[in-house]
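Dear colleague,

I am passing on to you the structure that I have been looking at, and below it you will find my notes on what turned up. Please read them with the structure open beside you.

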Amino acid sequence: MLRKLLNKNISIPQLLGYLFAACAGMAIIFSAFCFLMDIRPLLSSDRTGLFKSEFIVLNKRVPVFAKNVANLVFSDAEIAELKEQNFVHSLSAFTPARYSVQLYADRNSLIPYGYGTEAFFESVPDRLLGGTYTPWGWELNSRLIPIIIPRDYLTLYNFGFAESQGLPLVSEAVVQQVKFNVLLGGNGRLEEFSGCIAGFSDELNTILVPETFMQWANSRFGDSRQQHSVSRLIIEVNNPSDPQIATFFASKENYEINSNKGEQGKLSYFLTLLILAVLTVGVLIMLPAIGLMLLSINLLVYKNQKTLGNLILLGYTRNHLAGPYCLLVLLLNVLVGSISLVVAYMAQGWYMVRLAVFDLPEAVTSFGWTLLFALLFVLLTSALDILWIHRKIRRIPIPAKG
Amino acid sequence: MNSISLNNVLPSFLSDAPVASEIWGRDIAFAKGEYVLVTAVSGAGKSSLLSYIFGERCDFSGTITYGQQPLEVIKAKYWSQLRSRHISYVFQGLRLFSDLTALENILIKNRLIGQKTAAEIYAMLDAAGLADKKQEKAGRLSFGQQQRIAVIRALCQPFDFLLLDEPFSHLDDANISIVSSLIEQELRSRGAGLLLCSLGQEYSFNYHHHFKL
């Protein structure tokens, strides 16, 4: 009965207008949010980044005729100069292996028996690694050496070597299951260890082993007479966007810093910008839709003002009268939210197939976040509408004192 | 609520209290259980007086006190309580919803508190000669029939005071008698007070006070 009275003058075309506009706006917003959640691992440095925070890898440029390796080594004075720079937070060196390394396939390994290669190891201080690699670290007497290899190696194998040789393609997960043998030699000793791939790096073109292992192995197999020289440095910077960094390295012609991170940062930046632009478009559609809803509420309350006034005089509270309208907008917004979520879900299904190559985490997880976001969005929109309804109904003129 | 007091109430359309008025600009109290008749010629402010008491209008000076509570301290949310539990009002303009049926117009009031059962409402409609008009849209009823619906609607709530604004203006004597006895019965069962405004007609109530506006 009350609903019959209050629903009078509801404009179906206006509600349909809101439904379509809000569906379009919300679907774009939810899809963009879902996409952002899905590709978040690509944008952050957590996945591809080797280090837990912002670092610069520094080495000297190799000249055309590098007669003397000493030219590539940083002197104590040069290191001291670097340490004095304001942008430098800490400075560490790569430790090279002073022994020979051979990797070869185990009889029980997934790699065909007989495959083997000479290799080299380097290490960086463990504290610089983000802790995202498992297993990492090494204990005395352990025969298993965890190794981090450049991701490019796997790409080279999959798309260069394996394809041309008719060998099977392997994913990162499969490679991490593979065990192989490591033969270390030097100082009159030759010992066999097991190796496993603990992770992949996009930033460092080197094969990393835990620092503790390197120290132990260098002392056991290394030539103690060999001078320890520093040819590659890792600089932890206070603020990666500090212009002093660019100025300083521009003045050092023979210094070379890794630019990979910068390029990746730019791509991430543009991708984020693109998603933000799409989100903005969604918001720009959503704003007039919300405006349309608020105007519709205005008009509805205005048209039903006499009825609402009479109901108030009969003893109905204003909250009571706002109830059916609040329920209506809530149902409408839930409907809009649900339709938009279905659209976002379908969009996710469409692009996830195309992004499968990036080895992204489960789509279900990011859709869970989108669901939560959608719930909050619908609740906020509804809260705005409901506040507006209460405000309008509170202002129906029954000029009672007090 | 045991009383409604008017202290020096004067509508804004009057600059000074008329000498002859026994209400405007005076201190008067209406007690629960008492029947009061207010008579005046057209335009003297009968409807205004009831609107002021009912909180429908506030274009007056002076104070109205409900029990111990002056009107000024009654917050908006308490008005609904006052209107649904303590004061019932048959408006001169009736304020029925023309799109609702006669029965729905009564039920929309009754459902607020659930004062009457369906059988009681049907009995009142029968007594008022409206048994066959229950499902008729209120807008299609005659003004006399609408007046009777409005009175029955006003009786479908608890009240301490019943305000009637020329309630029988379009009723014949037979219907006035029937509706008056319905009202009398409800007043007695609640021990409520009556405040009836008319152009001069007294009807059949035994008034305790008679004021000229």
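What percentage of the 402 residues of chain A count as buried? The share is 42%, where buried means under 20% relative accessible area, exposed over 50% and partly exposed in between, with a 1.4 Å probe and protein chains only.

Before going further, please note that this is a predicted model, in which local features need pLDDT of at least 70 and side-chain atom pairs count only at pLDDT 80 or more, while totals for chains, interfaces and linings use all residues. Residues are numbered from 1 along each chain as its sequence is written, chains are lettered from A and ligands numbered from 1 in the order in which they are written, and side-chain values use heavy atoms, with hydrogens and water left out.

Chain A contains 12 helices and 11 strands, these being DSSP runs numbered from the N terminus (helices H or I, at least four residues; strands E, at least two).

A:K60 counts as buried because its relative accessibility is 7%. Its side chain makes a polar contact with the side chain of A:E78 at 2.9 Å, and the side chain of A:K60 also reaches the backbone oxygen of A:V73 at 3.2 Å. A polar contact is a pair of N or O atoms within 3.5 Å; within protein, one must be able to donate a hydrogen and the other to accept it, and residues adjacent in sequence count only if both atoms are side-chain atoms. Beyond its neighbours within four places in sequence, A:K60 is in contact with residues including A:S231, A:N254 and A:Y255.

Turning to the interface, 19 residues of chain A are in contact with 26 residues of chain B. The rule finds 2 salt bridges across it, a salt bridge being a side-chain nitrogen of Lys or Arg within 4 Å of a carboxyl oxygen of Asp or Glu. B:E104 forms a salt bridge with A:K4, with the closest N and O atoms 3.2 Å apart. On the side of chain A that touches chain B, the elements giving two or more residues are α1 (2-6) and α10 (305-314), and α10(A) gives the most, with 6 residues.

With best wishes

Definitions and conventions. Contact = heavy atoms within 4.5 Å.
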